[in-house]
Amino acid sequence: MEYKIENIEGGIRIVGLKNFNLTHIFECGQAFRWEKTEEESYIVVAFGRVVEFFMEGEDLLAYNTSEDDFRKIWHPYFDLDKDYDQIKNDLRKTKAFGLNDSLKEAMDFGYGIRILNQDRFETIISFIISANNQIPRIKKSVDLLAQQYGDFIENYKGKDYYSFPSPGQLKDADPLEVKEVTRVGFRNERIVNTSKAIYNKDFDLDGFESLSDEKLRSELIKLEGVGPKVAACILLFAYDRGETFPIDVWVKRLMETLYIGREIKNKEIDSYADEIFGVNKGYAQQYLFYYARENAIGK
DNA sequence: TGCCAGGGGTTCA
DNA sequence: TGAACCCCTGGC
């Protein structure tokens, strides 16, 4: 995507972004290390950086960062190389679009969603924490994990920020301490054991990048605490696998309510999603998930 | 005030 | 296939 960057006091202004909205991006459930500071304004911690973003009309304002960092780190993070007009156009040609207006409404509602390219290890651990959990608590645990085991980044606006720990920083952590400090409960052993497996390259974070979706998925599932749903989220949010369709309770309900009309097993939902959304089903999932949650559809 | 359900699933029988 | 699982907030 073509855009221009202008310097402003304390930061930069990015002009010319399309299909981009901070609220849609951060409140569609894909990331956990952000805090909303005011309307259309978020402090985000990722890749060892702390940045404050604002929307001002169509422009994105970014503080505590530079043009260099934006192009190097935030450009890929926000998936700015991808053409979301194209994705939306392709989705408009799918079978789902002919069935009813749900996908159209969802795409209009969350028009500025982008699927982030997040740090792989952080995504794996964060989604292990997400199992049978609630978003505010997941965010809290991830923050505490960084505070306890990560590196200090900086103090920004009176608050200390820490990077997400590396596999090496977590592999020898005492599970009991992890539990007591970060409030992750029964997920503590999963976090430590998976960190060990990744540190040992039983799961090779970058080395497995070239694997097919299915092969990568089966390697992910071997990790303790990673089942079908968590694996799908990791594929979609950290490995840029847009054909992946994570099915959680919300997606199950919305698929049953909006498309199928009866209760159905997850495996059937997956093949049905394939049929009606095609190769962009991961994007369809994000639009629908955000739409369904914000409007309590199927609840 | 206190009790209880339930949550972006996974694991273990 | 089904129960159990830390923790904690919201509803009664």
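**Domain contacts, sheet architecture and DNA surroundings**

In the predicted model, six residues of domain 2 are in contact with six residues of domain 3. On the domain 2 side of this contact, three residues are nonpolar, two are polar and one is charged. The centres of domain 2 and domain 3, taken over C-alpha atoms, are separated by 27 Å. The domain assignment of chain A places domain 1 at residues 4-81, domain 2 at 85-114 + 244-294, and domain 3 at 120-238.

An open sheet of six strands is present, in which the strands follow the order β1-β2-β6-β5-β4-β3 and pair in antiparallel fashion. The edges of the sheet are formed by β1 (4-8) and β3 (34-38); each has a single partner strand, so one side of each is left without a neighbour in the sheet. From one strand to the next, the twist averages 25°. Strand β1 runs antiparallel to β2 (residues 11-15), and five bridges join the two. Within this pairing, N7 has I12 of β2 as its bridge partner. Helix α2 (residues 67-77) packs on the sheet, where α2 touches β1, β2, β4 (41-46), β5 (49-56) and β6 (59-63). The direction of α2 makes about 50° with that of β2.

DNA strand C is surrounded by N132, R137, K179, R183, G185 and F186. By residue class, the surface near DNA strand C comprises three charged, two polar and one nonpolar residue.

Terms used:
Residues are numbered from 1 along each chain as its sequence is written. Chains are lettered from A and ligands numbered from 1 in the order in which they are written. This is a predicted model: local features need pLDDT of at least 70, side-chain atom pairs count only at pLDDT 80 or more; totals for chains, interfaces and linings use all residues. Domain bounds come from an automatic or database domain assignment. Two residues are in contact if their C-beta atoms, placed from the backbone, lie within 7 Å. Ala, Val, Leu, Ile, Met, Phe, Trp, Tyr, Cys and Pro count as nonpolar, Asp, Glu, Lys and Arg as charged, and the others, Gly among them, as polar. A residue is near a molecule or strand if its C-beta atom, placed from the backbone, lies within 6 Å of it. Two strands pair if DSSP finds at least two bridges between them. Helices (H or I, at least four residues) and strands (E, at least two) are DSSP runs, numbered from the N terminus. Axes are lines fitted to C-alpha atoms, for helices over the stretch in contact, and angles run from 0 to 180 degrees between N-to-C directions.
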